[in-house]
Number of protein chains: 2
Amino acid sequence: MHRLDESLLMSLPPFSLLDRPQVRAILDRATSRRYDIGATVFQEGHDAEQFFLLLDGTIRVVKITADGEQITSLHIPPGQLFGFAKAIGRTTYPATAMVASESVILSWATPLWDTFITEYPGFAQASAKTVGSRLTELNSRIIDMSTQHVEQRVARALSRLVSQSGQRTADGIEIGFPITRQDVSEMTGTTLHTVSRLLSSWEKNGLIKSKRKKITICDPHRLTLLGEG
Amino acid sequence: MHRLDESLLMSLPPFSLLDRPQVRAILDRATSRRYDIGATVFQEGHDAEQFFLLLDGTIRVVKITADGEQITSLHIPPGQLFGFAKAIGRTTYPATAMVASESVILSWATPLWDTFITEYPGFAQASAKTVGSRLTELNSRIIDMSTQHVEQRVARALSRLVSQSGQRTADGIEIGFPITRQDVSEMTGTTLHTVSRLLSSWEKNGLIKSKRKKITICDPHRLTLLGEG
DNA sequence: CAAAGAGTTTGCTCTAGCGCAAAGTTTTGA
DNA sequence: TCAAAACTTTGCGCTAGAGCAAACTCTTTG
């Protein structure tokens, strides 16, 4: 394995408050690995032996409901820590992490978490921020679900995805990883049928374009308006 | 103000990993205050100047939606820390905390958070647990909202409330603070009408008893079954 | 003790969106 | 190259539950 280049990584959220030697020290203890699409990084309930940093790609974090249905609880964009059970006082992973698009992931053994937290206050602060933003995100999803209609929820979900991992293309901004109607329905608490109908009608209005597993937002502004009901 | 008795408080979650002198030190820096029902402890968006520990009573944490509607994001039972913006990397409160039943609350100036965290690893660990359980709770509410019908959601909400702050009475277990149909509807993303209808029908079946602002679960087991659909 | 206020119940109507079914399309892989 | 598998679209009927309206009951207060 080649040595990781700290200068490229220093600007990532978890490291932004650290100086170069600190980042160097942390990276020197990391393992880097590439994962294919569909791979499982860790599974709900398993012992949290490692924590992770997504360098490139997308991770989908899913929970399985009592009756076997699967729902997507969040998407991790590159540059974020995930699977840090230690930070939330757990010893097992609370959800399953799957690779949504080919990813490069750094990992560390869980015991290092405490080391980093105590040795690098900047790291502690940054990871608190991450946890905080998850909390905020979940909260606003609950609000959405309790007050918004599905059209608005789907619009918002797409907006979020685009802002996390959108990529400019000729037609507009495209969601940076393969995503099915089913996926979107799992994120918004609806059915793939309804999502399909919505996307079709939006496509007719020129709001989006979509292929199989691909969604491109042509008019992000109008989409946002839709989401605000 | 009289001196707080550390021996009574040592068993509370935030202190359970600390020894007596440590708890003593923390308590010596706390301010204790009683709040009447309906009072506001802090408001969303305001500078987080303090963090809190609920000794007795109940706190309702609410968020206001874009269109002015208010939704209850969680209830704090006695013994829990709340308003710890620092722990989630924020400088302002992310929600509003209102007093749901007459409460006694300890508070500390926010800068002390860092002091406690670094000086008392047990405190850091315990607060991570609290954050973690909030995360878990929100997550499972999202799952509920996306997969369960309102009858099941309401059943679960009542179960949660009862397990957090239930009090034995002659008829069964009663929710330990005044709560309206409207409140329940805000917790479950439905309307007070639907909640009222549900409670009425449950009352006919002998599952619950309810007065104005009071709900008593006569048959907790059957309620749980209902919640599992 | 009246009168206002706060909370609850119930009836009725209407529709968003689910569930089911079936056919179309794209991709995979043998 | 031809199935089979995976994904998507569309149609149709149906119901959970929202929205609205109105009456009822308990509580507070002047």
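In the predicted model, 26 aromatic pairs are found over all chains. In one of them, A:W113 and A:F123, the ring centres are 5.3 Å apart and the planes make an angle of 65°, so the arrangement is edge-to-face. In chain B, an edge-to-face pair is formed by B:F51 and B:W113, with 4.9 Å from centre to centre and 85° between the planes. Here too distant parts of the chain are linked: B:F51 lies in strand β3 (residues 50-64) of chain B and B:W113 in helix α3 (residues 111-119) of chain B, 62 residues apart. Both B:F51 and B:W113 are buried.

A:W113 and A:F123 also take part in one aromatic cluster, together with A:F51, A:F84, A:W108, A:F116 and A:Y120. The charged end of A:R33 is placed over the ring of A:Y35, at 4.1 Å from the ring centre. In chain B, B:R33 lies over the face of B:Y35, with 4.1 Å to the ring centre.

Helix α3 of chain B also contains B:D114. With a relative accessibility of 38%, B:D114 is classed as partly exposed, because this value falls between the limits of 20% and 50%. The side chain of B:D114 makes a polar contact of 2.9 Å with the side chain of B:K86. The C-alpha atom of B:D114 is separated by 8.9 Å from that of B:A87, a residue 27 places away along the chain.

The relation between the two protein chains was then examined. Chain B is superposed on chain A by a rotation of 180° with 0.0 Å of shift along the axis, at an RMSD of 0.0 Å. The two copies are therefore related as by a two-fold rotation axis. Of the interface residues of chain B, 100% are also interface residues in chain A, so the copies meet through the same surface. B:S146, located in helix α4 (residues 121-147) of chain B, has contacts that reach across to the other chain: beyond its neighbours within four places in sequence, B:S146 touches A:I71, A:M145 and A:G189. B:S146 is counted as buried because its relative accessible area of 18% is under the 20% limit.

DNA strand D is surrounded by 17 residues, of which the closest are A:R181, A:R212, B:V150, B:T190 and B:T194. Among the atoms of DNA strand D within 4 Å of the protein, 58% are sugar or phosphate atoms, and the rest belong to bases. A base oxygen of DNA strand D lies 3.2 Å from an N or O atom in the side chain of A:H193. Helix α7 (192-204) of chain A and helix α7 (192-204) of chain B each supply at least two residues of the surface near DNA strand D; α7(A) gives the most, with five residues.

DNA strand C is likewise surrounded by 17 residues, the closest being A:V150, A:T190, A:T194, B:R181 and B:R212. Of the atoms of DNA strand C that come within 4 Å of the protein, 62% are accounted for by sugar and phosphate. A base nitrogen of DNA strand C is 3.0 Å from a polar side-chain atom of B:R197. Phosphate oxygens of DNA strand C lie 2.9 Å from a polar side-chain atom of B:S196 and 3.2 Å from a backbone N or O atom of B:K213. The surface near DNA strand C receives at least two residues from each of α7 of chain A and α7 of chain B, and the largest share, five residues, comes from α7(B).

Definitions and conventions:
Residues are numbered from 1 along each chain as its sequence is written. Chains are lettered from A and ligands numbered from 1 in the order in which they are written. This is a predicted model: local features need pLDDT of at least 70, side-chain atom pairs count only at pLDDT 80 or more; totals for chains, interfaces and linings use all residues. Side-chain values use heavy atoms; hydrogens and water are left out. Copies are superposed by least squares on the C-alpha atoms of residues with pLDDT of at least 70 in both. Contact means heavy atoms within 4.5 Å. Helices (H or I, at least four residues) and strands (E, at least two) are DSSP runs, numbered from the N terminus. Buried means under 20% relative accessible area, exposed over 50%, partly exposed in between (1.4 Å probe, protein chains only). Rings of Phe, Tyr and Trp (its six-membered ring) pair if their centres lie within 6.5 Å; planes under 30 degrees apart count as stacked, over 60 as edge-to-face and the rest as tilted. A charge sits over a ring if NZ of Lys or CZ of Arg is within 6 Å of the ring centre and within 35 degrees of the ring normal. A residue is near a molecule or strand if one of its heavy atoms lies within 4 Å of it. A polar contact is a pair of N or O atoms within 3.5 Å; within protein, one must be able to donate a hydrogen and the other to accept it, and residues adjacent in sequence count only if both atoms are side-chain atoms.
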